[in-house]
Amino acid sequence: MNTMIGNDTLVSLGVGQRGVVTALATEGIGRRRMLDLGFIPGTIVESVRRSPAGDPTAYFIRGVMIALRSEESSKIFVNPV
Amino acid sequence: MTDSAQFADLTKIVKKASEYGQTQGDGVRDQIVSHIYGEAERLAATVVTCSNQRTDWDRKVDNIITSRLLGYPLMLALLGAVFWVTISGANVPSEMLANFLFGIEEWLSVLFISAGAPDWLHGVVVLGTYRGLAWVVAVMLPPMAIFFPIFTMLEDLGYLPRVAFNLDHAFKRVGAHGKQALTMSMGFGCNAAGVIAARIIDSPRERLIAILTNNFVPCNGRFPALIAISMIFVAGGVFSAYGTLAASAMVVVMVLIGISVTLAVSWLLSKTFLKGEPSSFTLELPPYRKPQIIPVIVRSLFDRTAFVLARAVIVAAPAGALTWVFANIYIGDLSIIGHVAGWLEPFGRAIGLDGVIILAFILGMPANEIVVPIMVMSYLSAGAMFEFDSLLAFRELLLAQNWTLLTALNFMLFSLLHFPCGTTLLTIRKETGSLKWTILAAVIPTVIAILVCFSIAQGVRLFNLL
Amino acid sequence: MGLTYQSSGKGALREDYLNYNVKGDYVIALAGNPNTGKSTVFNALTGLKQHTGNWPGKTVVQALGNYKHGQKQITLVDLPGTYSLLANSPEEQVARDFICFAEPDATVVVVDATCLERNLNLVLQVLEITHKTIVCLNLMDEARRKKIRIDVPALANQLGVPVIPTAARNGEGLTLLKDTINSVAADKTELTPMRLIYDASLEVAIRELAEELDPLLPPQINRRWIALRLIDGDYTVIDGIRKFLEKKMVKEVFAS
């Protein structure tokens with residue numbers, strides 16, 4: 001990926017906004033799980049909805065809807081598109 | 001080659017592999033995963049000729065179901081609706097089944113007496129075994145036969161993950177996992193199934209929290225009793241539109257209390273025995289799928305309903321016989337049950353119940369379904385003659401035993417909060433592999449049930465409420 | 001896992017993950033992403049009534065079923081639904097260990113035709129472990145409804161293994177699936193599975209390790225894949241090998 005890694009993470013994507021994953025700030029098993037779910041640099045992610053309490057947020061990624069808590073989504077860097 | 005040499009060589013290779021891996025950091029894993037996904041992407045692009053777009057319909061439904069304004073009220077309304085349909089649908093068949101089965105009881109009695117069977121045989125077989133069975137079938141079968149298909153339908157539709165999505169925030173706040181909501185949903189059917197479902201939670205700490213608190217969801221063995229008591233004391237034992245509505249509301253309140261206690265205990269566990277931070281949480285929200293109505297009904301009737309009922313019946317038959325025996329063997333001028341209940345009476349009174357109720361809960365340990373039949377038989381052994389064929393008759397019996405609103409309320413709370421049934425405890429033992437956690441799984445709810453019932457009883461008596 | 005005969009009450013106590021000493025002509029593993037209708041395929045093939053709830057992670061209890069087709073007795077093992085086989089969760093580990101170490105005669109990967117890209121990720125991972133793979137392209141009815149067209153021959157050609165379009169809910173494609181299972185299990189289908197090639201330095205490391213592993217492993221276990229797992233730092237695979245060797249030893253003792 002030649003894209004610059006900015007400060008935006010999944011959390012900062014507003015509902016309905018899309019972004020391209022640039023980097024993951026997690027290590028170890030957490031990183032592995034995110035990769036397995038398809039959060040790989042270059043992947044387009046759409047922020048779809050927030051839970052009534054404001055967290056978690058559901059993201060549409062590679063054909064499925066996956067909900068993440070802000071703890072996880074704040075570690076996934078994206079470039080909004 | 002011997003196996004020990006084999007293992008030694010294997011260890012050497014593992015070391016070498018890890019050395020290579022370490023020179024690359026997270027790079028190897030990143031490379032492998034993105035390479036595979038990349039290939040998948042490339043392949044899909046060459047063979048699929050229409051981009052995959054989730055239908056808008058799904059999103060529109062979710063916009064309502066998980067909306068800030070309607071998310072929680074809708075869940076509550078749905079819960080209420082499920083119980084309302086269950087209660088109002090079960091009324092008539094329950095009454096009919098009771099009439100039918102207790103009609104057979106009379107006929108059996110006539111048969112036994114005319115054949116000159118000894119009293120004890122008639123007692124054990126008809127008044128003990130048969131009556132216990134008849135109660136369990138009449139009270140449990142109709143609500144189960146209605147509840148299970150509805151529940152299965154919601155499950156197949158894909159509604160449960162939305163519940164977990166809506167409730168996750170609360171679970172996070174108490175240091176638990178959002179998927180605990182899924183294990184609790186399973187608990188409505190059977191707490192043992194709920195305990196097993198906790199396997200979907202990877203973090204051992206959060207899985208234990210889910211296991212230890214599953215019991216606060218009233219399972220199928222318990223909510224028919226909650227329904228019956230609500231009908232009697234909230235609706236006056238009369239079926240009416242108002243009555244079923246009030247009874248459903250009462251059951252919903254009980255479920256809400258159960259959820260609150262679950263959250264409170266989860267929080268307490270996170271702060272004490274199971275200290276720790278919430279682990280990572282990812283939850284898939286699958287597309288809605290149209291449930292296949294007929295298979296759902298067939299499956300929930302022949303698999304779930306028949307199975308759970310069979311289990312209840314297997315426990316109820318011997319329990320009925322045993323209860324009759326204990327109620328009819330006299331030591332001095334009191335039956336064995338009378339003695340034990342008498343001994344438990346002060347404790348029962350202190351928490352707003354009585355000795356017989358406590359005894360029934362203890363004897364009902366193998367399966368919660370038999371708590372009420374044991375209680376009824378114990379009361380009957382005190383000598384009251386009793387036509388047992390309707391909720392009104394049941395109401396008369398309870399009132400004759402000095403049941404008040406307080407007794408009814410505390411009975412429901414104790415049923416909701418007390419120790420899990422034997423099967424659930426065995427399952428917890430198996431799932432946790434630890435006797436300590438199994439014991440804790442029984443002690444925590446029991447202590448809470450006693451504390452809650454005691455406070456309410458004392459409060460009510462102090463202020464002369466109810 | 002749904003609330004069923006197998007999961008509630010005492011049945012809950014009776015299951016055992018690795019108890020797959022089953023009789024029959026073929027043992028077939030059923031893998032797939034969550035929510036691909038895998039359990040529906042399982043039920044359709046076996047005629048069993050394993051419950052199919054629509055929530056992730058329900059198959060935490062491994063299910064076994066039998067059916068007969070073309071004079072063969074087939075045992076079908078329903079593995080937990082996973083996105084990946086990289087063993088980052090207990091379910092993934094169970095699924096992976098079974099495919100790799102239990103030596104199924106074929107592995108059927110159930111794939112959601114409406115979400116092919118994500119599902120192919122798992123197919124490629126299965127192909128890395130075993131070439132005796134069949135892709136069951138399920139939910140074809142839904143794909144048609146959503147106007148998603150898939151070039152099935154091209155996909156089969158690229159993957160190098162059979163791809164069978166099905167709609168398990170309506171029974172569509174199941175006879176062909178059963179025929180294909182028998183054919184692959186009997187080694188009557190030519191398989192040329194697609195190979196994933198990583199970058200040069202990784203490939204060198206894989207080759208070196210695979211060679212060293214060679215004398216240690218029974219012939220049917222894929223050395224390249226074990227080597228890759230070890231390089232990836234996935235040591236759970238060692239437990240799998242150990243379990244496998246112990247089972248083998250038990251079998252040999254009984255055989256002699």
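From the N terminus on, the elements of chain A follow the order β-α-β-β-β-α-β, which amounts to two helices and five strands; helices (H or I, at least four residues) and strands (E, at least two) are DSSP runs, numbered from the N terminus. The model is a predicted one, in which local features need pLDDT of at least 70 and side-chain atom pairs count only at pLDDT 80 or more, whereas totals for chains, interfaces and linings use all residues. Residues are numbered from 1 along each chain as its sequence is written, chains are lettered from A and ligands numbered from 1 in the order in which they are written, and side-chain values use heavy atoms, with hydrogens and water left out.

Of the 81 residues in chain A, 56% are buried. Here buried means under 20% relative accessible area, exposed means over 50%, and partly exposed lies in between (1.4 Å probe, protein chains only). Contact is defined as heavy atoms within 4.5 Å. Among contacts in chain A between residues at least 6 apart in sequence, 59% join residues at least 24 apart.

Strand β4(A) is mostly covered, as five of its five residues are buried. Val64(A), Ile66(A) and Leu68(A) point one way from this strand, while Met65(A) and Ala67(A) point the other way. Within chain A, β3(A) and β4(A) run antiparallel and are joined by five bridges; two strands are said to pair if DSSP finds at least two bridges between them. One of the facing positions in this arrangement is that of Thr57(A), whose bridge partner in β4(A) is Leu68(A). The hairpin of β3(A) and β4(A) has two residues between the strands, and Arg62(A) takes a positive phi near 45° in this hairpin. The loop between β2 and β3 of chain A holds Pro56(A), and the peptide bond from Asp55(A) to Pro56(A) is cis, with omega near 0°. For comparison, most residues other than glycine have a negative phi, and most peptide bonds are trans.

With strand β1 (residues 282-284) of chain B, β4(A) pairs in the antiparallel sense over three bridges. In this pairing, Ile66(A) stands opposite Glu284(B), and Ala67(A) has Leu283(B) as its bridge partner.

The interface of chain A and chain B was then examined as a whole. In total, 36 residues of chain A are in contact with 35 residues of chain B. The size of an interface is often given as the accessible area lost when the parts come together. Chain A and chain B bury about 3000 Å² between them, with 50% of this area on carbon and sulfur atoms; buried area is the accessible area (1.4 Å probe) that two parts lose on being put together, summed over both. On the side of chain A, the residues that lose the most area to chain B are Arg49(A), Pro52(A) and Arg69(A), which together account for 27% of what that side buries.

Seven salt bridges are counted between chain A and chain B, a salt bridge being a side-chain nitrogen of Lys or Arg within 4 Å of a carboxyl oxygen of Asp or Glu. One of them joins the side chains of Glu46(A) and Arg59(B), at 3.0 Å from N to O.

The side of chain A that touches chain B receives at least two residues from each of α1 (28-37), β2 (44-50), β3 (57-61), β4 (64-68) and α2 (70-73). Helix α1(A) gives the most, with eight residues. By class, this side has 15 nonpolar, eight polar and 13 charged residues; Ala, Val, Leu, Ile, Met, Phe, Trp, Tyr, Cys and Pro count as nonpolar, Asp, Glu, Lys and Arg as charged, and the others, Gly among them, as polar.

In chain B, His418(B) is placed in the loop between α17 (405-417) and α18 (422-432). His418(B) is buried, with a relative accessible area of 0%, and its side chain reaches the backbone oxygen of Ser415(B) at 3.0 Å.

Technical notes:
Polar contact = N/O pair within 3.5 Å; in protein donor to acceptor, adjacent residues only side chain to side chain.
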